[in-house]
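Student: I have just opened this entry and would like to talk it through. Could we go over it step by step?
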Amino acid sequence: MAFGLFKKSEKKESTTNTHYHELTVKQIIQETKDSISLVFEHPSSGKLNYKSGQFLTLIATVQGKEVRRSYSLCSSPYVDSDLVVMVKRVDNGMMSNWLPDHLKPGQKVKVLEPMGNFTTEYAADKKRHLIMFAGGSGITPMMSILKSTVTQEPDSICSLIYCNRDIDNIIFKNELDKWQTQHEGRVHVIHVLDNAPMNWQGYSGLLSKEMLEKLFERIPNWGLEKTTYLMCGPEGMMKNVETLLTALSIPKEKVFKESFVSGTIDKEKKEETKAATVSGNTAHEVTIRYDGQEYKFVVEPNRTILETALDQGIDLPYSCQSGLCTACRGRALSGQVKLDEEEGLSQSERAEGYVLTCVGHPMSDDVVIEIG
Ligand SMILES: Cc1cc2nc3c(=O)[nH]c(=O)nc-3n(C[C@H](O)[C@H](O)[C@H](O)COP(=O)(O)OP(=O)(O)OC[C@H]3O[C@@H](n4cnc5c(N)ncnc54)[C@H](O)[C@@H]3O)c2cc1C
Ligand code: FES
């Protein structure tokens, strides 16, 4: 791969892994009013390997039900001795409220091994400029990538444009200030607030083309070839940034994004797709090959392949259950599978027959999926 970076996996190696671990909470840090960092010790059985930009799947029993959610690691494997995730409360959210309300230092949390393709390989001879757009909790993978890039690639630089509601909601503000001061000229952090206080010297309001042009004047211009654009944040912000970058003639292949939540903007279209999938379908048998076992079961038209497998007690890998994280990815060796959501897979993955079982429906009786 030319840049080998932030592409939804073009590589053949599996991104799924069902190895469960129990991590001990070492510390809980209140970052802002509604966000905490959970600092975990590595397991005593050995260090958990991960790449900057990957996420952990936290598993907990909430209201008597097993709940799994993905949380990007904000620690860097090169800089931090512990594993750290940051959780921001979501209104009425199950896991994001359960974790801060129930977890205490010393407790154990079940997790899946780190996964995800929003990553890059580091090399001391690389010279690149990463321009990162983050919104709210979308800072987490950027924090890890920034720390790893700055420490592993002496000639690379990072510019972070970080959008938040107001000054009190800026997560990791002090840590970002520290990195900017310690690596002056190599780390540029620009804050953009929806609601700025009276004495605010920075930017405020919705990112516009004019604002972006001004922001870009404040950071080095290394030219398109050496620059990569990354984004992670609320869907509205990412759509806006994508549109603005297109308006500034930045080619799509230079832009990489990580989504935390499945789209709401295209929700109607997705519901239509789902309805069409369901109405045009009947129950079909599916064969899953996973971990040396073969499972056969019938999937009803209104159920996904993963839902049906879990109902039958088959322990397949999964995390977000929304077609975003690729934890449930498998390759269809035969048959037709329709996906409600294709966001998580790259075009080449789709062409190679990869599917996501959490949003997948069999459309024929000869579907065989190999996972792992
Ligand atoms: C790859 C990946 C990495 C992630 N990394 C992080 C991270 O580092 N930090 C973090 O705090 N979260 C992260 N998330 C989001 C996280 O997995 C959960 O979705 C989030 O904590 C909400 O879970 P919940 O159980 O509280 O809400 P749910 O009970 O699942 O949802 C409640 C309602 O909130 C909406 N909702 C769900 N998530 C969000 C959201 N993020 N913003 C706004 N509305 C939402 C849902 O549509 C639903 O209507 C990540 C998600 C993915 C896929
Ligand atoms: S479980 Fe995340 S994409 Fe299927």
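Student: Is Cys163 buried or exposed?
Tutor: Cys163 is buried, with a relative accessible area of 13%. Please keep in mind throughout that this is a predicted model.

Student: What about Cys320, buried or exposed?
Tutor: Cys320 is buried too, and its relative accessible area is 17%.

Student: How many disulfides are there?
Tutor: The count comes to zero disulfides.

Student: Let us change topic. Which residues touch the most other members in the largest nonpolar core?
Tutor: Those are Met132, Ile139, Met142 and Leu160, in a core of 29 residues.

Student: Which elements give two or more residues to this core?
Tutor: The strands are β5 (83-88), β7 (129-135), β8 (157-164), β9 (187-193) and β11 (227-232), and the helices are α2 (139-152) and α3 (173-182). The largest share, six residues, comes from α2.

Student: And what does Ile139 touch, leaving aside its neighbours within four places in sequence?
Tutor: On that basis, Ile139 is in contact with Ala134, Leu160, Tyr162, Ile171, Phe172 and Leu176. There is also a second, separate core of 23 residues, which includes Phe40, Tyr71, Leu83 and Val109.

Student: Back to α2. Is Ser144 in that helix buried or exposed?
Tutor: Ser144 lies in α2, and at 0% relative accessibility it counts as buried.

Student: What is around Ser144?
Tutor: Apart from neighbours up to four places away in sequence, Ser144 is in contact with Ser52, Gly53, Leu73, Cys74, Ser75, Ser76 and Pro77. A polar atom of the Ser144 side chain lies 2.6 Å from the backbone oxygen of Ser75.

Student: Now the ligand. Which residues come nearest to ligand 1?
Tutor: Of the 20 residues around ligand 1, the nearest are Arg69, Ser70, Tyr71, Ser96 and Thr140.

Student: Which atom of Arg69 is 2.8 Å from an oxygen atom of the ligand?
Tutor: For Arg69, an N or O atom in the side chain is 2.8 Å from an oxygen atom of ligand 1. Thr140 places a polar side-chain atom 2.8 Å from an oxygen atom of the ligand. With Lys88, a backbone N or O atom lies 2.9 Å from a ligand oxygen.

Student: How much of ligand 1 does the protein bury?
Tutor: The protein buries 74% of the 910 Å² that ligand 1 exposes when taken alone. The elements giving two or more residues to the shell around the ligand are β4, β5 and α1. Strand β4 gives the most, with four residues.

Student: Which residues of α1 are buried?
Tutor: In α1 (residues 95-102), the buried residues are Met95, Ser96, Asn97, Trp98 and Leu99. These pack against β2 (35-40), β3 (55-62), β4 (65-72) and β5.

Student: One last residue. Where does Val286 lie?
Tutor: Val286 lies in strand β13 (residues 284-290). At 0% relative accessibility, Val286 counts as buried.

Student: What does Val286 touch, not counting residues up to four places away in sequence?
Tutor: Val286 touches Tyr295, Lys296, Phe297, Val299, Ile305, Pro362 and Val367. Val286 and His361 are 75 residues apart in sequence, and their C-alpha atoms are 9.4 Å apart in space.

Notes
Residues numbered from 1 in each chain as written. Chains lettered and ligands numbered in written order. Predicted model: local features only at pLDDT ≥ 70, side-chain atom pairs only at ≥ 80, totals over all residues. Heavy atoms only, no water. Core = buried A, V, L, I, M, F, W, Y, C linked by side-chain atoms within 4.5 Å. Buried < 20%, exposed > 50% of the residue type's maximum accessible area, 1.4 Å probe, protein only. Contact = heavy atoms within 4.5 Å. Disulfide = S-S within 2.5 Å. Near = heavy atom within 4 Å. Polar contact = N/O pair within 3.5 Å; in protein donor to acceptor, adjacent residues only side chain to side chain. Areas by Shrake-Rupley, 256 points an atom, 1.4 Å probe, with all protein chains shown as cover.
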